[in-house]
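Biologist: Could you take me through this fold step by step, keeping to what can be computed from the coordinates?

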Amino acid sequence: MCVQTNAERILTHAEGAVREDEALGAARERADDLGAEPVPPAVGAALALFARMLDAKTVVEVGTGAGVSSLWLLRGMREDGVLTTIDSEPEHQRAAKLSFRTNDIAPARTRLINGRALDVLPRLADGAYDLVFVDSAPVDHPHYVREGVRLLRPGGAIVLHNALHGGRVVDPSQRDAATVAVREAAKALAEDDKLIRVLLPIGDGLLCASKL
Ligand SMILES: C[S@@+](CC[C@H](N)C(=O)[O-])C[C@H]1O[C@@H](n2cnc3c(N)ncnc32)[C@H](O)[C@@H]1O
């Protein structure tokens with residue numbers, strides 16, 4: 001039998017406090033079928049909250065998957081807001097499109113870009129986005145931090161999922177490339193005095209930073 005510590009019970013309680021409706025549940029099933037691991041509901045709710053607090057009209061997402069985090073972001077964004085979402089897998093984006101259709105998301109509210117994020121992000125305009133969310137290969141986090149901060153308008157925020165990388169980030173004996181990259185990205189954010197940042201221990205760790 002697995003006995004939880006009090007800290008684990010608190011986290012389980014916080015993560016379990018968010019419920020998803022049927023439409024999000026259907027998108028989650030599509031994601032699971034494709035192996036495009038969706039963000040857990042608590043992370044989704046945090047994204048919707050950030051989008052709402054920023055009154056977000058322009059959001060960039062790296063890692064569309066089957067659209068679970070996209071739907072949460074769109075629910076928090078302004079009704080006239082546009083989500084630009086990037087994924088290298090056309091099949092994942094086809095599933096996301098279906099998720100958007102069944103959630104009555106107007107086509108003009110999403111711009112799906114198929115490609116490798118490191119090729120696409122440099123084509124997006126400096127200082128033009130309210131929020132950047134990254135949910136893709138942690139080994140690329142340092143690049144996403146560089147590009148993501150460049151894209152933000154003053155007051156905008158960048159949010160990186162997998163900032164704990166399955167707990168490996170807090171274990172000094174772990175030195176694989178992805179863990180080292182996640183630590184490097186966190187250090188870059190910490191050293192930028194134009195940013196205010198916080199690490200939230202929900203999902204696989206949500207590292208959030210707001211640009212002055
Ligand atoms: C964890 S899934 C995203 C899940 C999604 N955010 C959700 O909550 O439903 C990661 C996604 O990143 C995509 N991906 C991986 N490497 C990529 C890259 N270099 N550029 C763009 N997308 C990438 C994968 O195809 C996959 O769909």
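**Strand pairing, helices and the ligand shell**

Modeller: In the predicted model, the residue of strand 7 that forms a bridge with R197 is A209.

Biologist: In which sense do strand 6 and strand 7 pair, and over how many bridges?

Modeller: Strands of a sheet can pair either parallel or antiparallel, through backbone hydrogen bonds. For strand 6 and strand 7 the sense is antiparallel, and the number of bridges is six.

Biologist: Which residue takes a positive phi in the hairpin of strand 6 and strand 7?

Modeller: Five residues lie between the two strands of this hairpin. The one with a positive phi, near 55 degrees, is G203.

Biologist: Which strands stand at the edges of the sheet?

Modeller: The sheet is open, has mixed pairing, and places its seven strands in the order 3-2-1-4-5-7-6. A strand at the edge has a single partner, so one side of it is left without a neighbour in the sheet, and this holds for strand 3 (110-114) and strand 6 (195-200).

Biologist: What is the bridge partner of V60 in strand 2?

Modeller: Strand 1 (residues 58-62) and strand 2 (residues 82-87) pair in the parallel sense, with five bridges between them. Within this pairing, the partner of V60 is T84.

Biologist: Which strands does helix 7 lie across, and at what angle does it run to strand 5?

Modeller: Helix 7 covers residues 141-151 and lies across strand 1, strand 4 (129-134), strand 5 (152-161) and strand 7 (206-211). Relative to strand 5, helix 7 runs at about 155 degrees.

Biologist: How do the residues of the contact of helix 3 with helix 4 divide by class?

Modeller: The axes of helix 3 (residues 41-53) and helix 4 (residues 68-76) come within 7 Å and cross at roughly 35 degrees, and the crossing is right-handed. Among the residues making the contact are L47 and F50 of helix 3 and W72 and L73 of helix 4. By class, the contact residues are nine nonpolar, three polar and two charged.

Biologist: Which residues come nearest to the ligand?

Modeller: The shell around the ligand has nine nonpolar, seven polar and five charged residues, and helix 4 and strand 2 each supply at least two of its members. Of the 21 residues around the ligand, those that come nearest are P38, G63, G65, V68 and S69.

Biologist: What is the radius of gyration of the chain?

Modeller: A compact globule of 212 residues would have a value near 17 Å, with which the chain agrees, because its radius of gyration is 16 Å.

Conventions. Residues are numbered from 1 along each chain as its sequence is written. This is a predicted model: local features need pLDDT of at least 70, side-chain atom pairs count only at pLDDT 80 or more; totals for chains, interfaces and linings use all residues. Axes are lines fitted to C-alpha atoms, for helices over the stretch in contact, and angles run from 0 to 180 degrees between N-to-C directions. Helices (H or I, at least four residues) and strands (E, at least two) are DSSP runs, numbered from the N terminus. A crossing is left-handed if the near helix is turned anticlockwise from the far one by less than a right angle, and right-handed if clockwise. Two residues are in contact if their C-beta atoms, placed from the backbone, lie within 7 Å. Ala, Val, Leu, Ile, Met, Phe, Trp, Tyr, Cys and Pro count as nonpolar, Asp, Glu, Lys and Arg as charged, and the others, Gly among them, as polar. Two strands pair if DSSP finds at least two bridges between them. A residue is near a molecule or strand if its C-beta atom, placed from the backbone, lies within 6 Å of it. The radius of gyration is taken over C-alpha atoms; the globule rule is 2.2 Å times the number of residues to the power 0.38.
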